[in-house]
Amino acid sequence: MWVQLHGLPLEYQYPELAEHMGQIMGIFERVDWEDCIPRNIRFMRIRVRVDPWMPLTAGFMLRLDDGSRTWVQCRYEGVHKLCTQCRLIGHMRSQCNE
């Protein structure tokens, strides 16, 4: 599935970092990246294979070079039923058994 990585500062938007995040989430396949200007700077987009029986990653805390941290939110394209409680695909929070 395609995952959008929101909240990455511009200087941290490079394919190697996106690939590392994809490997944490599942099996990294590729990054949607063009090294040309202008390009989308709102988010980076990666393709990852995930186990549908495991909770999806909501995001990451990324430690910046100055020691501070920032939240990188993961938004999943084409996922219409994602429980915000258990993070599993296929049902909504109101139907969750957790």
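**Entry 1**

The model is predicted, so I note its conditions: local features need pLDDT of at least 70, side-chain atom pairs count only at pLDDT 80 or more, and totals for chains, interfaces and linings use all residues. Residues are numbered from 1 along each chain as its sequence is written, and side-chain values use heavy atoms, with hydrogens and water left out.

I took helices (H or I, at least four residues) and strands (E, at least two) as DSSP runs, numbered from the N terminus. Two strands pair if DSSP finds at least two bridges between them. On that basis β1 pairs with β3 in the antiparallel sense over 5 bridges. I also found β1 paired with β5, again in the antiparallel sense, over 4 bridges.

I then asked how many residues of β1 are buried. Here buried means under 20% relative accessible area, exposed means over 50%, and partly exposed lies in between (1.4 Å probe, protein chains only). I found 5 of the 5 residues buried, so β1 is largely enclosed by the rest of the structure. In a regular strand the side chains alternate between the two faces of the sheet. In β1, Trp 2, Gln 4 and His 6 point one way, while Val 3 and Leu 5 point the other way.

**Entry 2. His 6**

I next followed His 6, which is found in strand β1. His 6 counts as buried because its relative accessibility is 11%. Its bridge partner in β5 is Gln 73. The side chain of His 6 makes a polar contact with the side chain of Gln 4 at 2.8 Å. A polar contact is a pair of N or O atoms within 3.5 Å; within protein, one must be able to donate a hydrogen and the other to accept it, and residues adjacent in sequence count only if both atoms are side-chain atoms.

Leaving aside neighbours within four places in sequence, I listed the contacts (heavy atoms within 4.5 Å) of His 6; among them are Phe 43, Trp 71 and Arg 75.

**Entry 3. Helix α1**

Which residues of α1 are buried? In this helix (residues 15-25) I found Leu 17, Ala 18, Met 21, Gly 22 and Met 25. Seen down the axis of α1, these fall within an arc of 140 degrees, so they line one face of the helix. The arc is that of the directions from the helix axis to the C-beta atoms. What covers these buried residues includes β1 (2-6), β2 (27-32), β3 (43-49), β4 (59-63) and β5 (69-76).

**Entry 4. Salt bridges**

I searched the whole structure and noted 4 salt bridges, each a side-chain nitrogen of Lys or Arg within 4 Å of a carboxyl oxygen of Asp or Glu. One of them joins Arg 47 and Glu 29 (3.2 Å, N to O). Arg 47 is in strand β3 and Glu 29 in strand β2, 18 residues apart.

Arg 49 also forms a salt bridge with Glu 29, with the closest N and O atoms 2.7 Å apart. Because Arg 49 lies in β3 and Glu 29 in β2, this pair ties together parts that are 20 residues apart in sequence. Glu 29 is partly exposed at 35% relative accessible area, as is Arg 49 at 48%.

I also noted a salt bridge between Arg 45 and Glu 77, with the closest N and O atoms 2.9 Å apart. Arg 45 is in β3 and Glu 77 in the segment after β5, 32 residues apart.
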